[in-house]
Amino acid sequence: MTEYFKAVVDADDAPIVICDVNHIIVYMNPTAIKRYAKRGGANLIGNSIFNCHNAHSKETILSVFEKFLNDPSLNKVYTYTKNWDNEDTDVYIVALRDDTGNLIGYYEKHESRLHEKA
């Protein structure tokens, strides 16, 4: 089943960077590797997410992470809106939980508010 989940993540047009509960990047989809090439691209895998974020971003990530730990029903938190490639994109942090609801990691999710152009 894992190959199917990887295929879904890899097919997404939005960058997906998955971190474990120690804030280590464990996976980046091809879009993320390309988007973050100037910051190290695939070489970011295995490193702390905080190595490529400023102090404000680190504070936001840690705050959301703490909320995920304290509220198992909370799984998605809006963090900011950014203009990527001339499209406004809402950015969220999404909790990843195991079958028992324990937090096992998180990822950043990008959602465009524009209609499909393809």
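This is a tutorial dialogue on reading several features of a predicted model.

User: Which conventions apply before any feature is read?
Analyst: Residues are numbered from 1 along each chain as its sequence is written, and side-chain values use heavy atoms, with hydrogens and water left out. Because the model is predicted, local features need pLDDT of at least 70 and side-chain atom pairs count only at pLDDT 80 or more, whereas totals for chains, interfaces and linings use all residues.

User: How many residues does helix H3 have, and what span should they give?
Analyst: Helices are DSSP runs of H or I with at least four residues, strands are runs of E with at least two, and both are numbered from the N terminus. The expected span of a helix is 1.5 Å times one less than its number of residues. Helix H3, residues 55-70, has 16 residues and should span 22 Å, which agrees with the 23 Å between its end C-alpha atoms.

User: Which residues of H3 are buried, and which exposed residues are on the face turned away from them?
Analyst: An α-helix has 3.6 residues a turn, so residues three or four places apart point the same way. Buried means under 20% relative accessible area, exposed over 50%, and partly exposed in between, with a 1.4 Å probe and protein chains only. In H3 the buried residues are Ile 61, Val 64, Phe 65 and Phe 68. They cover an arc of only 105° around the axis, taken from the directions from the helix axis to the C-beta atoms, and this puts them on the same side of H3. The face turned away from the buried side carries Ala 55, His 56, Glu 59 and Asn 70, which are exposed.

User: How are the rings of Tyr 78 and Tyr 92 arranged?
Analyst: A pair of aromatic rings is described by the distance of the centres and the angle of the planes. Rings of Phe, Tyr and Trp (its six-membered ring) pair if their centres lie within 6.5 Å, and planes under 30 degrees apart count as stacked, over 60 as edge-to-face and the rest as tilted. The structure holds two aromatic pairs. In the pair of Tyr 78 and Tyr 92, the centres are 5.7 Å apart and the planes are at 75°, so the pair is edge-to-face. Tyr 78 lies in strand S3 (residues 76-84) and Tyr 92 in strand S4 (residues 87-97), so the pair ties together parts that are 14 residues apart in sequence. Tyr 78 is partly exposed, at 43% relative accessible area, whereas Tyr 92 is buried, at 16%.

User: Where is Asn 29, and is its position buried or exposed?
Analyst: Asn 29 lies in the loop between S2 and helix H2 (30-35), and at 0% relative accessibility Asn 29 counts as buried. The side chain of Asn 29 reaches the backbone nitrogen of Ile 16 at 3.0 Å, and a polar atom of that side chain lies 2.9 Å from the backbone oxygen of Ala 14.

How values were computed
Polar contact = N/O pair within 3.5 Å; in protein donor to acceptor, adjacent residues only side chain to side chain.
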